[in-house]
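I opened this model to look up its packing. My notes follow the display.

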Amino acid sequence: FFVALGDTIYADFASPALPQPQAKSLTDFRTKHSEVYASHYGLNLLAELRASTAIFATIDDHEVTNDFAGGAQAKVDARFASSTGRINQTLLYKNAMQAFQEFNPLRQEFYDTVGGDGRMDGARKLYRYRTFGRDAALYILDARSFRDLPVRRADRNDPSDVARFRADT
């Protein structure tokens with residue numbers, strides 16, 4: 001099998017098929033995926049790989065936009081037009097995930113109500129695992145959809161900044 005660990009497209013860079021700096025609509029994201037999976041110079045090596053090998057795919061950041069934190073409030077990141085809810089609840093994120101799901105062999109699964117802070121409630125479920133007999137297991141993680149914003153490092157020589165760091169973490 002082959003594990004595709006994200007960055008399968010670069011939705012946040014202009015390209016010949018989509019010469020704008022950021023894919024936004026569902027059509028834009030589909031265009032970016034189609035460009036990656038198309039033949040180039042008479043070759044389509046991804047098609048050959050996908051025809052002959054089991055693929056386990058997940059996202060990283062560029063399927064949506066660089067270094068996004070899906071669990072953060074949308075209003076803290078100007079790249080997301082929505083000012084309410086979390087980044088993983090915005091139209092940009094949902095369009096990106098819909099196109100990703102269409103171009104990768106994944107079941108459409110969503111979390112039920114998980115509780116807590118709500119960041120996972122009803123969200124698309126990309127985390128999964130497969131076992132291979134009793135001897136092996138493969139875990140595919142989703143390291144972006146529910147991620148918090150990075151915590152600013154502490155100045156270890158400043159007790160008040162160390163306290164701020166502890167509170168933030």
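**Phe29 and its surroundings**

I began with phenylalanine 29. Leaving out residues up to four places away in sequence, I find that Phe29 touches Ile9, Ala11, Gln22, Ala23, Lys24, Glu63, Val64, Leu92, Asn95, Ala96 and Ala99. Contact here means heavy atoms within 4.5 Å.

I note the basis of these values. The model is predicted, with local features needing pLDDT of at least 70 and side-chain atom pairs pLDDT 80 or more, while totals for chains, interfaces and linings use all residues. Residues are numbered from 1 along each chain as its sequence is written, and side-chain values use heavy atoms, without hydrogens and water.

**Core**

Next I looked up the largest nonpolar core. A nonpolar core is a set of buried Ala, Val, Leu, Ile, Met, Phe, Trp, Tyr and Cys residues joined through side-chain atoms within 4.5 Å. Buried means under 20% relative accessible area and exposed over 50%, with partly exposed in between (1.4 Å probe, protein chains only). This core has 24 residues, and Phe29, Val64, Phe68, Phe80 and Met97 touch the most other members. Strand E2 (55–58) and H3 each supply at least two residues. H3 gives the most, with six. Helices (H or I, at least four residues) and strands (E, at least two) are DSSP runs, numbered from the N terminus.

**H1 against H3**

I then checked the helix pair. The axes of H1 (residues 26–37) and H3 (residues 91–103) come within 8 Å and cross at roughly 35 degrees. Axes are lines fitted to C-alpha atoms, for helices over the stretch in contact, and angles run from 0 to 180 degrees between N-to-C directions. From H1, the contact uses Leu26, Phe29, Arg30, His33, Ser34 and Tyr37. From H3, the residues are Leu92, Asn95, Ala96, Gln98, Ala99, Phe100, Glu102 and Phe103.

**H4**

I moved to helix H4 (residues 159–168), where Asp161, Val162 and Arg164 are buried. They line one face of the helix, because seen down the axis of H4 they fall within an arc of 155 degrees. The arc is that of the directions from the helix axis to the C-beta atoms. On the other side of H4, Pro159, Ser160, Arg166 and Ala167 are exposed. Arginine 164 counts as buried because its relative accessibility is 18%. Arg164 touches Val151, Arg152, Arg153 and Ala154, not counting residues up to four places away in sequence.

**Whole chain**

Last, I recorded the overall layout. I count four helices and four strands, in the order β-α-α-β-α-β-β-α. Of the 169 residues, 38% count as buried.
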